[in-house]
Amino acid sequence: MPIAWLVCRYVQDDVKGARGRMPAIINFSAELAAEGAKVVYSEVLGSYAIAKVNASVALLQLIDADADHIVIALNKQLDSTLSDLSQAQKDRIRNVVLAMGYTVEEITATLGNDIGAITLRQLLQFCAQRRFKPRWDETSQSIILDGPQQQCRQPESLDVVVV
Amino acid sequence: MAFGDSSVLLSSFTGSDENPLSEGGDWTSDSNDLQRLSNAITGGSANPCHSWWVPDYWPASTYISVYATWTTVGGHAEENEQRFATLATQGGAADGYEAFYSFRNGGNNDRARIYRLDAGAFTLLNSDDTLTFTDGDKYGFEMNPTTGAMAIYADTGGGWSSIVSTTDTTYDEDWFLDLFIQNTSSVWDDVYQTGAVAIQTTPVVAVMPPPRGY
């Protein structure tokens, strides 16, 4: 089956309610299980995750069309460049990285001005630079991500799980 | 080391009925306690209940595992947990990891999930939502805090096998064991544990309600 790397948002957990978060890819658990697909993910900045999944093209298209996901590479090795992405795809990825909370200055300094000129590994490592510890806030009855900076599970660790 | 090897019995819960569960002070809680009933444990009331193991803790970087026999899976929509939380958050908003078991009704599949807890907030690390829990099965949770590897294991009669696994290295601290049974219809028995423990000498003082896993 095709293998994709994607970015997805964390959404409210379907059993823990407001106290819990889950990567939105879990919403496709039934479809993934039906195909015998495998998925692995790592939380990154801004309540996003990077994920690697093997699934049919049809299911990957369905996931990519979902507002909480963006497929960033299909059948690519970590050291493959992203040169085949369209400008629209590159803009979409850049906007997601900005939405995570990375600054324009950070993006430009590390990734340059053209995502198509970097490798998949560079993009994923950039996303996985940092995240912040969540906490449950009784007052607002919500999860707030304002704790100490935490390390992220790196893409190389995900890469070996789904092959 | 395979899951279940070198495990020692933490408690068989043998004795007269006791609510709240104490066993001579070995178990305590800060909200709704578990109870010992008919030589097994269940919720002490029709609420989310939990009790933690007092005498020992597991030092940082220690391999840890725990498992129990599910004498009775329970009524529908049960949600039970085996949690390793950091000793520093005992009695407070927990940091740590938990194996979460959700028994569902209406023909839906049961679920086993691994969550990370951060100051009382739950983050799903991995899950298998295609399971069927059966009375008499055994379920357990293991952690290797050094590598961050953790897994839920099931023994449904054919030996132990991993059903959910993940890796997370956020926490590597001293740990305590906290068992959650949602209400009085789930029954667990014979809790085993693995991992070198240290004697807990500091009195446990509950300072605020823990996060409820429901």
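Okay, quick definition before anything else: when I give an angle between two helices, the axes are lines fitted to C-alpha atoms over the stretch in contact, and the angle runs from 0 to 180 degrees between N-to-C directions. Also, keep in mind that this is a predicted model.

So, helices in chain A. Take α4, residues 104–111, and α5, residues 120–127: they pack at about 150 degrees, and their axes are 11 Å apart. That angle makes α4(A) roughly antiparallel to α5(A), since the cut-off for that label is anything over 145. The crossing of these two, α4(A) and α5(A), is right-handed.

Who's touching whom? On the α4(A) side you've got A:Glu106, A:Ile107, A:Thr110 and A:Leu111, and they meet A:Gln122, A:Leu123 and A:Phe126 in α5(A). Sort the residues of that contact by class and you get 4 nonpolar, 2 polar and 1 charged.

Now go to the other neighbour I want to show, α3 of chain A, residues 87–100. Helix α3 packs with α4(A) at about 125 degrees, with the axes 10 Å apart. These two are therefore oblique to each other, and the crossing of α3(A) and α4(A) is right-handed. From α3(A), the contact uses A:Arg94, A:Val97 and A:Leu98, and from α4(A) it uses A:Val104, A:Ile107 and A:Thr108. By class, that's 4 nonpolar, 1 polar and 1 charged.

Okay, on to charges. Over all chains, the structure holds 26 salt bridges. I'll start with A:Asp13 and B:Arg113, whose side chains meet at 3.4 Å, N to O. A:Asp13 sits in strand β1 of chain A, residues 3–13, and B:Arg113 in strand β10 of chain B, residues 110–118, so this pair joins two chains. Buried or exposed? Both A:Asp13 and B:Arg113 are buried.

B:Arg113 has another partner: its side chain also forms a salt bridge with B:Asp129, at 2.8 Å, N to O. B:Asp129 is in strand β11 of chain B, residues 121–131, so here the pair ties together parts 16 residues apart in sequence. B:Asp129 is buried as well.

Last stop is B:Asp118 with B:Arg116, a salt bridge whose closest N and O atoms are 2.9 Å apart. Both of those residues are buried.

Definitions and conventions. Residues are numbered from 1 along each chain as its sequence is written. Chains are lettered from A and ligands numbered from 1 in the order in which they are written. This is a predicted model: local features need pLDDT of at least 70, side-chain atom pairs count only at pLDDT 80 or more; totals for chains, interfaces and linings use all residues. Side-chain values use heavy atoms; hydrogens and water are left out. Helices (H or I, at least four residues) and strands (E, at least two) are DSSP runs, numbered from the N terminus. Angles under 35 degrees count as roughly parallel, over 145 as roughly antiparallel, 65 to 115 as roughly perpendicular and the rest as oblique. A crossing is left-handed if the near helix is turned anticlockwise from the far one by less than a right angle, and right-handed if clockwise. Contact means heavy atoms within 4.5 Å. Ala, Val, Leu, Ile, Met, Phe, Trp, Tyr, Cys and Pro count as nonpolar, Asp, Glu, Lys and Arg as charged, and the others, Gly among them, as polar. A salt bridge is a side-chain nitrogen of Lys or Arg within 4 Å of a carboxyl oxygen of Asp or Glu. Buried means under 20% relative accessible area, exposed over 50%, partly exposed in between (1.4 Å probe, protein chains only).
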